[in-house]
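Subject: A structure to look through

Dear colleague,

I am passing on a structure for you to open alongside this email. Please look it over first, and then read on for what was found in it.

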Amino acid sequence: MNNTRTRIFDYLTTPLGWLEIAASQGHLQHILFVDEPVHGASSDSLLTEAKQQLEQYFTGKRTTFELPLAPKGTEFQSKVWQALLTVPYGETCSYLDIAQTLGDHKAVRAVGAANGKNPLSIVVPCHRVIGKNGKLTGYAGGLSRKAWLLQLESGQNSAKQTSFWDE
């Protein structure tokens, strides 16, 4: 029996640049912003469905995702990522809110670190976590992208999306 897990890739051009979508064994493993495609694209129904749902999100037609997820991380990171899935579309929370959800108000920095390691951008909405003072704080995709995503979700971006790169 072969235990090699084959990871397949596809790419989506978004108003914020390229997203690399990777899956293995019928589950998404990562959705990350990249400068350009580096792997050959695969034809796969899961990757196609992920791209369609992401396109719907970027056009304001989708507020939740229905995709099988299998991010790789520590037990604590997984708990943080699960908590992120409870933050509603169009709303924000603080790192302290997530730490308190996990039962440890002192884990704010650890929550921030786990948030920064989220491998499933947008689908696991780490962009919805802001500082307790209401200011934008770190985002692996960059603060400009985080601001753009929050504007999209608040309805401030027009239906005909302008490109992130045009700003």
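A polar contact is a pair of N or O atoms within 3.5 Å, where, within protein, one must be able to donate a hydrogen and the other to accept it. Please keep in mind throughout that this is a predicted model.

With that term in hand, you can turn to His30, which lies in strand β3, residues 27-34, and whose side chain is joined to that of Glu20 by a polar contact of 2.7 Å. His30 counts as buried because its relative accessibility is 9%, and buried means under 20%. Leaving aside residues up to four places away in sequence, His30 touches Arg7, Phe9, Glu20, Ile21, Ala22, Pro119 and Leu120. Of these, Phe9 is 21 residues from His30 along the chain, and the C-alpha atoms of the two are separated by 9.4 Å.

Next, please find helix α4, residues 108-116, in which the buried residues are Val111, Ala114 and Asn115. Seen down the axis of α4, these buried residues fall within an arc of 105 degrees, so they line one face of the helix. What do the buried residues of α4 pack against? They pack against α2 (75-84), α3 (95-101) and β5 (129-130).

Finally, the largest pocket holds about 170 Å³ of space. It is lined by 14 residues, of which Thr63, Thr64, Phe65, Leu85 and Val123 are the closest to its centre. Sorted by class, the lining of this pocket has 11 nonpolar, two polar and one charged residues.

With best wishes

How values were computed:
Residues are numbered from 1 along each chain as its sequence is written. This is a predicted model: local features need pLDDT of at least 70, side-chain atom pairs count only at pLDDT 80 or more; totals for chains, interfaces and linings use all residues. Side-chain values use heavy atoms; hydrogens and water are left out. Buried means under 20% relative accessible area, exposed over 50%, partly exposed in between (1.4 Å probe, protein chains only). Helices (H or I, at least four residues) and strands (E, at least two) are DSSP runs, numbered from the N terminus. The arc is that of the directions from the helix axis to the C-beta atoms. Contact means heavy atoms within 4.5 Å. On a 1 Å grid over the protein atoms alone, a cavity is a set of points where a 1.4 Å probe fits but cannot get out, and a pocket is an open set with protein on both sides within 12 Å along at least five of seven lines; lining residues have an atom within 4 Å of a point. Grid points are joined across faces, edges and corners, and a volume is the space filled by probe spheres set on the points. Ala, Val, Leu, Ile, Met, Phe, Trp, Tyr, Cys and Pro count as nonpolar, Asp, Glu, Lys and Arg as charged, and the others, Gly among them, as polar.
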